Amino acid sequence: MTEKGRNSFHSIQLADREWINHKLQESNHASCEYSFANNFIYAKIYDVQVGELSGCGVIRYRDRKKKGQYNYSFPFGNGDKRAALEAMQAICRQDGYALRMYPVLENDRKLLIEWFKGEFEIDADRGDFDYIYTVEKLAGLRGKKLHGKRNHIARFMDDNDWRYEPMSAANIEGCRQMSKEWERMRADKWNDSMEEEIHVLDEALDHFAELGFVGGVLYKADEIVAFTIGEKLNEDMLVVHFEKAYPDLQGAYPMINQQFILHEGEGFAYVNREEDTGDLGLRKAKLSYYPDILLKKYRVVESSVVFANETDTKAIEHIWQVCFGDDREYIDLYLANRFQTENMLVIHEDGAPVSMLSLLPVTVTIGGEKHAARYVYAVATLPEYRRKGYASKLIQYAFDKYEEPLILQPANERLQRYYERLGFDEVFRQSPCWIYNSCAKKVTHVSENVAYELAEDMTYVSQNNYEIRMAEVGKWQVEDVSAKEYKEIRDHYFEGEGYVEWDEEAIRYAMKENSFCNGGALKFTNHENGDRKVLMYRVCDSHNETGKLQVVETTLEEEELAEILPTLMRSTHTSQAYEKNEGGMLLRTKETEQWECEGGYLNLTLG
């Protein structure tokens with residue numbers, strides 16, 4: 001093909017194979033999408049096109065979820081990648097779209113951050129990750145973990161009536177017929193993606209030799225019962241594109257998997273068995289072989305709202321300190337434990353982030369069903385960049401991107417009114433507020449204002465300065481609690497309509513953050529009936545006097561709490577205890593807009 005012809009995008013053709021493969025070899029990518037053959041067999045479904053920009057190869061395909069816009073590969077080959085990216089931006093702007101790219105690998109992600117700071121949202125979906133194994137592992141199936149695979153293969157071989165053949169013109173049609181029978185066996189589970197896969201498989205079988213595929217065919221009693229198709233992906237790696245086996249025949253899948261690698265894997269170090277597309281059954285099957293690498297692949301879109309990355313931490317610390325006044329150690333605790341490159345959105349101006357918003361995954365029970373949601377945390381804009389609508393832009397972007405309810409806990413009434421204007425409703429109840437005075441020896445319920453004033457008078461102190469010396473209190477055995485136990489007890493007690501459930505990682509961080517703020521978490525086990533309860537607390541220094549205990553959260557009933565507090569307060573050298581849970585607000589999706597909750601529970605929000 002001429003240089004002029006390659007500069008214009010055109011539908012992928014067999015004639016493009018040589019120059020595209022040459023460019024792919026220059027980049028030596030491990031992702032299954034960076035294969036000429038793989039793109040060719042999907043060409044009719046996704047309108048796959050290829051072109052050369054600034055000496056780089058580029059592949060693009062239609063994204064049906066985005067009204068037919070193109071998704072582009074990251075430029076590959078030894079050309080000028082930055083110039084190619086700028087050319088791709090210009091093409092998309094001319095077409096009226098934002099540039100979208102997939103897949104983008106880790107090294108290319110770093111180039112985007114360096115060259116186009118603050119211009120691309122870079123996100124990864126677990127369902128897109130490639131499963132990569134060593135050839136030695138899949139061929140030998142050694143070790144205790146893979147004992148079950150060896151057993152299944154032994155059962156397949158019991159009657160000694162099997163054989164393996166390389167795929168060739170002599171057995172391709174037999175494989176095609178076997179795939180049709182496989183299709184009929186799965187008729188009750190059939191969907192559009194399966195239909196597409198069968199079409200793509202037919203393309204692969206039609207052009208098997210021309211595309212450089214290799215394959216293996218497994219027979220039992222002279223009947224084809226499984227087959228595999230793959231190809232050389234790079235110098236070290238074989239990729240498996242298709243694997244079909246009769247599901248009711250014990251050992252057929254592990255047998256074709258192993259035999260294909262034994263016969264076709266020679267000379268390769270690794271095997272890429274592609275992604276699981278979010279299918280939990282497929283994920284379980286791929287994980288059962290214990291992948292050596294989960295290759296992270298990113299989706300990228302040109303945007304003024306982007307995810308913060310590892311180069312933004314100093315800017316984030318600056319925003320945090322200016323807007324919230326927290327010390328450096330507290331901020332670093334959060335960034336080290338909860339910050340990820342895909343859970344904080346930022347807006348850049350003047351070369352650095354100036355506005356930010358964290359999004360932490362939670363589950364909320366709505367209408368008796370658990371819904372994925374996002375807790376919105378640390379919303380802040382530097383003072384000199386305010387009144388530009390950045391905070392509301394970040395929230396709207398997050399809402400549109402995830403299409404999940406957003407949950408937050410406003411710090412004061414002014415912010416509550418602001419979030420109400422953005423569509424948030426107050427749906428999470430505030431805990432009944434109370435104060436326990438050691439001299440009165442009873443729990444006194446107080447107004448929200450009193451509890452608020454009490455909390456405002458407190459300063460949390462970093463690090464523990466005391467040791468809790470409690471082993472038993474009355475009928476309760478007292479001990480430290482793990483994050484796993486805390487979550488189990490918490491979920492059992494609070495679960496119900498409107499309950500916001502944190503995962504174990506979040507609970508672990510909440511406990512760590514609470515400890516940093518001079519607190520702790522305890523488990524109470526009832527000697528009489530075995531009931532388990534938890535209590536999270538922190539000790540505060542008052543501006544007027546020392547020694548107030550905040551009960552952050554507990555599953556103890558009021559009378560049980562009154563029994564335990566005196567001993568806990570003596571251990572923490574406090575004279576007064578109180579509890580105050582602010583409740584929270586929810587931005588509803590269309591799916592949940594009719595939901596009416598009379599008292600959901602939200603806590604451990606780091607608010």
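The sections below take the cores and then the cavities.

## Nonpolar cores

The model is predicted. Its largest nonpolar core is made up of 81 residues. Within this core, Y72, M101, L112, M167 and I229 have the most contacts.

## Contacts of I229

Leaving aside residues up to four places away in sequence, I229 touches M167, L201, L205, F208, F213, V214, G215, V240, H241 and F242. M167, one of these partners, is also listed among the residues with the most contacts inside the largest core.

## Largest cavity

Searching the whole structure gives 2 cavities of 30 Å³ or more.

Two or more lining residues come from each of α6 (106-115), β6 (120-124) and β15 (305-307). Helix α6 gives the most, with 3 residues. By class, the lining of the largest cavity has 9 nonpolar, 4 polar and 5 charged residues.

## Second largest cavity

The second largest cavity holds about 70 Å³ of space. It is lined by R338, L360, W502, A506, I507, Y509, A510, L604 and L606. Helix α19 (residues 504-516) supplies the largest share of this lining, 4 residues.

The lining of the second largest cavity divides into 8 nonpolar residues, no polar residues and 1 charged residue.

Note on methods:
Residues numbered from 1 in each chain as written. Predicted model: local features only at pLDDT ≥ 70, side-chain atom pairs only at ≥ 80, totals over all residues. Heavy atoms only, no water. Core = buried A, V, L, I, M, F, W, Y, C linked by side-chain atoms within 4.5 Å. Buried < 20%, exposed > 50% of the residue type's maximum accessible area, 1.4 Å probe, protein only. Contact = heavy atoms within 4.5 Å. 1 Å grid on protein atoms, 1.4 Å probe; cavity = no way out; pocket = protein on both sides within 12 Å on 5 of 7 lines; lining within 4 Å. Points joined across faces, edges and corners; volume = space filled by probe spheres on them. Nonpolar A, V, L, I, M, F, W, Y, C, P; charged D, E, K, R; others polar.
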